[in-house]
Amino acid sequence: MRKASTDVLPAEGGLGDEPLLAVEDLHVEFATRAGVVRAVNGVSYSLSPGETLAVLGESGSGKSVTAQAIMGILDMPPARIPKGEIRFRGTDLLKLSDEARTQVRGQRIAMVFQDALSALNPVFTVGWQISEMFRVHRGLSKRDAYNKAIELMDKVRIPAARQRVNDYPHQFSGGMRQRIMIAMSIALDPEVLIADEPTTALDVTVQAQIMELLAELQRESNMGMILITHDLGVVADVADKIAVMYGGRIVENASVHDIYKSPAHPYTKGLLESIPRVDLKGQELYAIKGLPPNLLDMPTGCAFHPRCPYRQDNCVTDNPPLYEISGTRSSACHYWREVLDGDQG
Ligand code: SF4
């Protein structure tokens with residue numbers, strides 16, 4: 001665990017030139033019996049108030065580990081952060097004491113987890129669990145905290161919130177449980193909300209409703225939101241910009257518009273082509289060939305080369321840097337021009 005070097009909490013109010021949240025050259029590794037797993041290798045991204053960044057990638061790409069590092073919920077050890085900064089309102093969270101970190105976690109940076117059933121406590125009513133946030137962190141009386149819980153349940157559109165406040169998590173559907181998780185995460189008006197695969201366990205219609213709810217709550221409060229997903233189809237209507245991760249690093253940064261119009265990395269292109277389309281009904285669904293890389297035994301050169309239809313000889317030996325294409329766009333592919341042009345050589 002890092003030593004605390006400051007206890008000054010991130011300032012509130014104006015941000016000046018500083019982003020709300022900035023991850024800079026973050027490295028996270030895990031010591032395992034089989035060796036050191038380098039799960040995050042030099043990830044950088046930033047977030048402004050009211051902005052939604054979608055972080056996209058298959059499992060093992062490092063997207064959730066980066067989020068856990070931001071939240072400060074990695075088990076250290078076995079996790080280690082050998083390098084990097086996570087600046088929230090200009091303060092490096094990695095340098096805060098555990099106590100100061102706790103003040104930020106949940107209150108100013110909150111997280112919605114994928115599996116609401118295991119994140120909620122089955123032995124307490126949902127009203128108790130939501131109102132606990134107000135009792136512990138805001139010092140409200142039991143009655144006032146329960147009223148706040150009902151208000152929040154209404155806000156996330158749980159029907160008949162007043163009647164259901166004393167129900168237990170198992171008495172709600174998957175979609176309703178996710179709404180309760182969202183209610184808990186926004187209870188303390190966080191400035192940043194991290195939603196880690198918030199709709200993965202839900203059917204398509206409920207997925208859309210939950211995404212709409214998150215977008216609406218964000219608009220109302222001007223929170224910055226990091227939306228972590230493996231599904232490019234989920235983010236089109238809600239994200240402003242996308243960071244695509246592969247093998248622990250970012251391989252493409254772009255606005256949603258640019259990514260959908262013309263991806264600049266073969267992996268992003270593969271993810272786009274894997275989205276089911278109604279106009280291609282009856283045709284076989286595209287899938288990127290091969291498997292994500294083994295983080296204990298990464299391919300040489302470009303980590304995507306064993307799966308890449310654009311691969312050239314130098315890809316096997318030369319790891320591409322993140323080439324800047326424009327002020328807001330970059331790609332870790334030697335042949336990003338050909339990918340943009342759709343020219344597979
Ligand atoms: Fe494919 Fe080469 Fe680009 Fe890697 S650098 S994504 S292997 S073309």
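**The pocket and the aromatic cluster**

The second largest pocket has a volume of about 370 Å³ (the space filled by probe spheres set on grid points joined across faces, edges and corners). A pocket here is an open set of points on a 1 Å grid where a 1.4 Å probe fits, with protein on both sides within 12 Å along at least five of seven lines; lining residues have an atom within 4 Å of a point. The model is predicted: local features need pLDDT of at least 70 and side-chain atom pairs 80 or more, while totals for chains, interfaces and linings use all residues. Residues are numbered from 1 along each chain, and side-chain values use heavy atoms, without hydrogens or water.

The second largest pocket is lined by 19 residues, with Lys155, Ile186, Asp189, Pro190 and Ser221 nearest its centre. Two or more lining residues come from each of α4 (126-138), α5 (142-155) and α8 (204-221); α5 gives the most, with 4. By class, the lining of this pocket has 9 nonpolar, 2 polar and 8 charged residues.

The structure also holds 4 aromatic pairs (ring centres within 6.5 Å; edge-to-face means planes over 60 degrees apart). Tyr246 and Phe304 pair edge-to-face, 5.1 Å centre to centre with 85° between the planes. Tyr246 lies in strand β9 (residues 241-246) and Phe304 in the loop between α11 (266-273) and β11 (323-326), so this pair ties together parts 58 residues apart in sequence. The rings of Tyr267 and Phe304 have centres 5.4 Å apart and planes at 65°, so that pair is edge-to-face as well. Tyr267 belongs to helix α11 and Phe304 to the loop between α11 and β11, so the parts tied together are 37 residues apart in sequence. Tyr246, Tyr267 and Phe304 form one aromatic cluster. Tyr267 is buried at a relative accessible area of 0%, and Phe304 is buried at 3% (buried means under 20%, with a 1.4 Å probe and protein chains only). Tyr246 is buried too.

Conventions:
Nonpolar A, V, L, I, M, F, W, Y, C, P; charged D, E, K, R; others polar. Phe/Tyr/Trp six-rings, centres within 6.5 Å; stacked < 30°, edge-to-face > 60°. Buried < 20%, exposed > 50% of the residue type's maximum accessible area, 1.4 Å probe, protein only.
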